[in-house]
Amino acid sequence: MSKVALVTGGSRGIGAAISRALQKAGYTVAATYAGNDDAAKAFTEETGIKTYKWSVADYDACAAGIGRIEEDLGPIAVLVNNAGITRDAMFHKMTPQQWKEVIDTNLTGVFNMTHPVWSGMRDRKFGRIINISSINGQKGQAGQANYSAAKAGDLGFTKALAQEGARAGITVNAICPGYIATEMVKAIDEKVLNERIIPQIPVGRLGEPEEIARTVVFLASDEAGFITGSTITANGGQYFA
Ligand code: NDP
């Protein structure tokens, strides 16, 4: 029986690449999403990967959704906390709503998804939790006080939980991507992207979602069992944590 992997935000962008790569590596994959039904439908038609819709910001929905996936596919062995949003504004213009939405999704969402799978992983003495943080959680980014705080919080969560999971065969790691060519980054003004962002990346290009996906597949594998509490930086040399 193949292991079950759950990828949040797994039907678009980096998450879709992660879902595909895990499927290719032999996992039975479930992908969650928040609202883009068209993208989810097209993704399922193309890949055969089941998609499930709820917000990671809602704890009860996470617990119920995870229960449904485990009934459909079996116990979750690998959880990839990838879902994320941006609500950028300079701090003097940032609204409490912009702060709350990003913290609720990018930080509390990681708690909401991990908590319901944790006991089962402990009982089965195996689990892989992989949190997709960000370069901006490591270095901070003007205009993203909310996002940087949430993504830095994900790194603290990763390190604390790695210590709790170690004896139970559960590894907890984080990946910090730099700028990756997805809709989130393509939404940035092209002039800003070409004149200000790409010149700061030593390799001279944006990363590809598949480059993050391959790192996830490695961290999910049995071979990566000694790696826990780590932050893997994948940013083309832009920042060394
Ligand atoms: P996209 O915007 O392309 O996709 C985001 C995915 O997350 C979508 O599937 C979306 O669902 C889902 N999602 C958003 N909010 C929720 C929610 N409340 N509940 C459930 N699912 C939700 O993002 P990327 O692929 O670019 O980013 C993926 C992750 O990587 C994020 O955590 C991001 O912060 C991080 N990251 C991205 C970088 C980049 O350069 N792209 C750089 C560093 C980190 P739906 O399809 O329904 O909208």
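UniProt positions are given here in the numbering used for this structure, feature names are shortened, and annotations may be inferred rather than shown by experiment.

**Ground rules.** I noted that residues are numbered from 1 along each chain as its sequence is written. I also noted that this is a predicted model, in which local features need pLDDT of at least 70 and side-chain atom pairs count only at pLDDT 80 or more, while totals for chains, interfaces and linings use all residues.

**Record.** I looked up the annotation and found that UniProt, in an unreviewed entry, lists residues 3-178 as "domain: Ketoreductase". The end C-alpha atoms of residues 3-178 lie 29 Å apart, and the span is 53% helix and 19% strand.

**Whole chain.** I found nine helices and seven strands in the protein chain, where helices (H or I, at least four residues) and strands (E, at least two) are DSSP runs numbered from the N terminus. The radius of gyration, taken over C-alpha atoms, is 17 Å, close to the 18 Å that the globule rule gives for 241 residues, so the chain is as compact as a globular protein of that length; the rule is 2.2 Å times the number of residues to the power 0.38. The C-alpha trace spans about 50 × 40 × 35 Å along its principal axes.

**Ligand.** I then looked at the 30 residues around the ligand, of which G9, G13, G84, T182 and M184 come nearest; a residue is near if its C-beta atom, placed from the backbone, lies within 6 Å of the molecule. The elements giving two or more residues to this shell are α1 (13-24), β2 (28-33) and α7 (183-186).

**V56.** I located V56 in the loop between β3 (50-53) and α3 (59-73). V56 is buried, with 27 other C-beta atoms within 10 Å; buried asks for 20 or more such atoms, exposed for 12 or fewer, and partly exposed lies in between. Leaving out residues up to four places away in sequence, V56 touches T8, C62, A83, T105, G109, N112 and M113, contact being C-beta atoms, placed from the backbone, within 7 Å.

**Core.** Of its 55 residues, A5, L6, I18, I76, V80 and V216 touch the most other members. I followed V216 and found that V216 touches I18, A21, V80, I130 and I175, not counting residues up to four places away in sequence.

Terms used. Two residues are in contact if their C-beta atoms, placed from the backbone, lie within 7 Å. A nonpolar core is a set of buried Ala, Val, Leu, Ile, Met, Phe, Trp, Tyr and Cys residues joined through C-beta atoms within 7 Å.
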